[in-house]
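I opened my notebook today to look up a few things in one structure. Here is what I was looking at.

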Amino acid sequence: MHKVQNISIFLSEHLRCCRFWLLYMGSLVGQLALTPKNGHKIWEDPSFIKWRKRDAHVPMHCHESIEGSLKYWYERNKVSILVSKEAVWDDDAVLKAIDCAAYWVKNLPFVKSLSGDWKFFLAPNPTDAPEFYDSSFQDSTWNTIPVPSSWQMHGFDKPIYTNVVYPFPLTPPKVPEDNPTGCYRTYFFLPKEWEGEILVLGRRIFLHFEAVDSAFFTWVNGHPTGYSQDSRLPAEFEITDLCYPCGSDKKNCLAVQVMRWSDGSYLEDQDHWWLSGIHRDVLLLAKPKVCPVLPQVIIADYFFKSSLAEDFSSADIQVEVKIDKSEINTESSAESGNFFKISEDKFIENFTIEAEIFDSESWYIGNEHPNLQSTNVAHLELINSVDYYLGFMGYQLKGKLQMPKLWTAEHPNLYTLVVTLKDASGNIVDCESCQVGIRQISKAPKQLLVNGQPVKIRGVNRHEHHPRLGKTNLESCMVQDLVVMKQNNMNAVRNSHYPQHPRWYELCDLFGMYMIDEANIETHGFHLSSNVRHPTNEPIWAASMLDRVIGMVDRDKNHTCIISWSLGNESSYGPNHAALAGWIRGKDSTRVLHYEGGGARTSSTDIVCPMYMRVWDMVKIAQDQDELRPLILCEYSHSMGNSTGNIQEYWEAIDSTFGLQGGFIWEWVDQALLKESSDGAKHWAYGGDFGDIPNDLNFCLNGLVWPDRSPHPALHEVKFVYQPIKISLTEGIVKVTNTHFFSTTQDVAFHWVVHGDGSELGSGILSLPIIEPQKSYDMNWETGPWYDPWCTSDATESFLTITVKLLSSTRWAEAGHIVSSAQIELPVKQNIVPHVGVLAIIDSNQHALFTEVLDDSIEVGNSKHWGIKFNKQTGLIESWKVEVDGVLVMNKGIQPCFWRAPTDNDKGGDTESYLFKWKLAKLNNLSFVIESCTVVDVSNNLVKIAMTYRGIPNDADKNSSQSEACLFKVDLLYSIYGSGDVVLECNVKPNSDLPPLPRVGIEFHLDKSLDQIKWYGRGPFECYPDRKAAAHVGLYEQDVCSLHVPYIFPVECAGRTDVRWVTFQNKNGRGIYASTYGGSPPMQLNASYYGTAELERATHNEKLVKGEDIEVHLDHKHMGIGGDDSWSPCVHEKYLVPAVPYSFTVRLSPLIAPTTGQSIYRSQLQKK
């Protein structure tokens, strides 16, 4: 025993002396290489991207045992919808981020989080930063900053938002002298529990940064430790010999210097906020050392692969394990021509590698305290497969799994892989684990296959974004993203445009999301300069680009959710991309490759993956017999503000065209940041709000959800077109189609309800046989349970609505969640002749009209019940009152309207944009001049008043006649009945040379007290002619305030489509009714305290000023909102409003409780 101890002491001292010398030399080299003041700016050298940085690898957990690893995943996988309810999006998130960092290392005894409050100083540039790395440096006057975080989110420097242009001069690889540099300091102790036992040298210590933006140096106890670039991937350094021993009362000093700009920034020109700092977690990893007479070895990396039998009845499993033997001296033992042979044999003599697969899914069935190790389903055998000539220090383990539970987005079945390294006595030296799934990604002509099926990609692009934290992540917020995505029928996500937080991948594995994992490479700004050579063509950038791809693949390679690797985004195409593609294909043959650059059809992509391609062009490619790759849109349906129109047209093509396989909407979330105003209030800010120059304003607001993940109205439309169970009625046949590829309908229930004229006629559960994946069930609609209620109803129009609900709760939704919903218009039983009904406010036969025509006004009314006053000079109603007490309902109106507050899509296209053409035609600057206002017919019960307007630009040439300057001629005919009903006939004649019109309709203003709105039409949420498929026809009720949609940048909003009738009432039930009349089709409704002019004026939602009344628009025609993109005119032709004559009729009636809008509407529909 003493002899062994003496050997141990001798070897330890010998190693200590050697390490001291290496430490001294490393420190000397580090000072020369890393010190910013030596004149060489390595952060401007593309050939110097890292120093002492360890090779990329999968996340390490440093387990102490197999049981410990299984317990870790047992707890870690207990994630459900409940976690999403803890998501925070305000200042509370700052502390939550630190709590999350601690939570993510819970039950990992040999992983320590260094996250918390660090000392911080922001220097103007690297050369002016203090020499703060030594332990003795006094930092008491410095500020503190939470780590992880972006320093701009804590009052240092400013965020910058740009889409394409770089926020600094394009002079690669140089960056500005004004280069804010964050200086960080913190202290840590190595836990005594990490101390080794007799004959054990303790543990090797690794310093692990999850991600730092954009380049950084680090020191431990004053010693240079390393340098790294790439703002979205880990950097890891061994610091064993730089730290005080485990259990020592001496604290270790960690110093980090982060540059905002580096040559790496040229590869990170993504469309998001430029933020800086240590924005992900910082960890200490402790790996074991063993007896000094044995080699020092640890598990350095491992790669899980599976190959399914043709009938999917079994899976061949392979795990490649890389062993770190950095402390073995192999030189003296090498044989000629076989350099590593003797040292490898020595390793095999002293160690074994094992791998086991455990059935994670079974842990949560039944027993509350399961025997985790009893769920072993496969043991892998070691195969000696070291490549001596290439020097790959790795081993392969192989095994077979019978009847595997396959992973798909529909059924995300997971297993736990545990890899152990044992010594000759069978003791565990090292243990690592991860979640794995068994699935197969393959290709067929024009198809991408998952487990042999051509799944449809119902996807979305997701940036990492938190309105308070910037790029820092919270568990609950990531879970909320996935919950909302899954609840809205999304099954795929593209990590735009960089590798994201490691936990995100674990959660996507768990929840079931197909993923494109994208390298942190985008050079979009180079497109703006033809005199600067592009990085993809330059050899000096090749190593940096390849390093980013290798780092992504080697970190994420075991995640089942990843079906495709991406070479980056909008970085053109050149030889460097070909090299990246070659490396990935050589490394991983189990996935496909994606890259849009160079036209989306280069040899470096296995998918035709265009962005914002028009539907008809997609179909052409799919029909091209020479193109054998599937087409999946990497970006489409640009959801900027009030957008996402036309998406149904995309999915009609995708669902019906072989070779089209889906796409990823741009994008998930509005990338606004919380900003405090001078009054202390918080609001969401976009580009330029922080004084950031250059900036791209609100182009960061393209989300389907607001920054706090509350849904935009457009998300309803996305859920509808993405829904997996589709229902239609064609030629009397109700067809129910299960478009799932792996799920039957056994887990859902079908519910039906039929409405007539807005009233429920009947409802119940629809009993259907179980429908297999990709199968349909047909039934004659007359045999359905809704037929009898329909037959016995006297409704003029009827709608059948079928909803599909979950029978049981899932990880992402509670029982009863609506998966799919469809509304079918049932056949019309009889024709209708509209007329002014008898259920008006009063009996017109008993109360005669009075009419008074003065020089400047016309008054019509019934002295006891209502009165209308017209201004003859303007043709407008000055007042409309009801009841004896004269309650004012309308204070201004009615006039023609052809203008709307421009949407972001209206503005896209420069001189080709709709807005440019509208303004060129002066549609935004019209006045309606009354040409005539005449009482043309008067009787005891009816008065008719005819008016003619001319729409003339306010800046029309004074020398021109009204007819020459006129853009619109509008004839209005009011028929006013003794009942108080008003039928308004409108005839519009626009100049034929005008561009497509924003709208054709009428505008009037109601008293602000009439804020209770009921309507029969599409709803309940905002909808427009090209975004209404999800909005069912029904009877809805809201107040005016809740109709408003608070887009961060105000635009036209709050529309409701296909409205038959609407009422506006005060709290006492008094108000006004409006409906279409005669042969006029349903109308577009808009009512708001924010008028069109105010929506156009304000630049932020919180800057909108409420008007003194309610502005109402009833439109006969309203142009679609578009959405194919936001930089070209993209409203589809059938949703345009051409400048041609239009005629339509509207009925208006005063309203007093208990009379309802529904009763008035039914009274005017006389059966033929």
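**Entry 1: a strand and its surroundings**

Why is strand S26 (residues 562-566) largely enclosed by the rest of the structure? I kept in mind that this is a predicted model. I looked up the burial of each residue, and five of the five residues of S26 are buried, so the strand is largely enclosed. Buried here means under 20% relative accessible area.

Next I looked for the partners of S26. Strand S25 (residues 514-518) pairs with S26 in the parallel sense, over four bridges. One pair I noted is glutamate 518 with its bridge partner in S26, serine 566. To get from S25 to S26, the chain passes through helix H8 (residues 539-556), and this β-α-β crossover is right-handed.

S26 also runs parallel to strand S27 (residues 592-594), and three bridges join them. Here I found serine 564 opposite valine 592 in S27. Helix H9 (residues 575-587) belongs to this part too: S26, H9 and S27 make a right-handed β-α-β unit.

A reminder to myself: strands of a sheet pair through backbone hydrogen bonds, either parallel or antiparallel.

**Entry 2: an open sheet**

Which order do the strands of the nine-strand open sheet follow? I wrote it down as S45-S46-S47-S48-S57-S54-S53-S50-S51, with antiparallel pairing. Strand S45 (926-938) and strand S51 (1032-1039) stand at the edges. Each has a single partner strand, so one side of each is left without a neighbour in the sheet. From one strand to the next, I read an average twist of 20 degrees.

I then followed S45 to its neighbour. Eleven bridges join S45 to strand S46 (residues 942-953), and the two run antiparallel. Among the paired residues, aspartate 937 has lysine 944 in S46 as its bridge partner.

**Entry 3: cavities**

How many cavities of 30 Å³ or more are there? The count I found is 14. The largest cavity has a volume of about 270 Å³.

I looked up what lines the largest cavity and found 23 residues, with Pro59, Met60, Glu210, Leu283 and Pro502 nearest its centre. Helix H2 (66-76), strand S13 (282-288) and helix H7 (502-511) are the elements that give two or more residues to this lining. H7 gives the most, with three residues.

Last, I checked the lining of the largest cavity by class: twelve residues are nonpolar, four are polar and seven are charged.

Terms used. Residues numbered from 1 in each chain as written. Predicted model: local features only at pLDDT ≥ 70, side-chain atom pairs only at ≥ 80, totals over all residues. Heavy atoms only, no water. Buried < 20%, exposed > 50% of the residue type's maximum accessible area, 1.4 Å probe, protein only. Pairing = 2+ DSSP bridges. Right-handed = clockwise from strand over helix to strand, strands pointing away. Axes fitted to C-alpha atoms, helices over the stretch in contact; angles between N-to-C directions. 1 Å grid on protein atoms, 1.4 Å probe; cavity = no way out; pocket = protein on both sides within 12 Å on 5 of 7 lines; lining within 4 Å. Points joined across faces, edges and corners; volume = space filled by probe spheres on them. Nonpolar A, V, L, I, M, F, W, Y, C, P; charged D, E, K, R; others polar.
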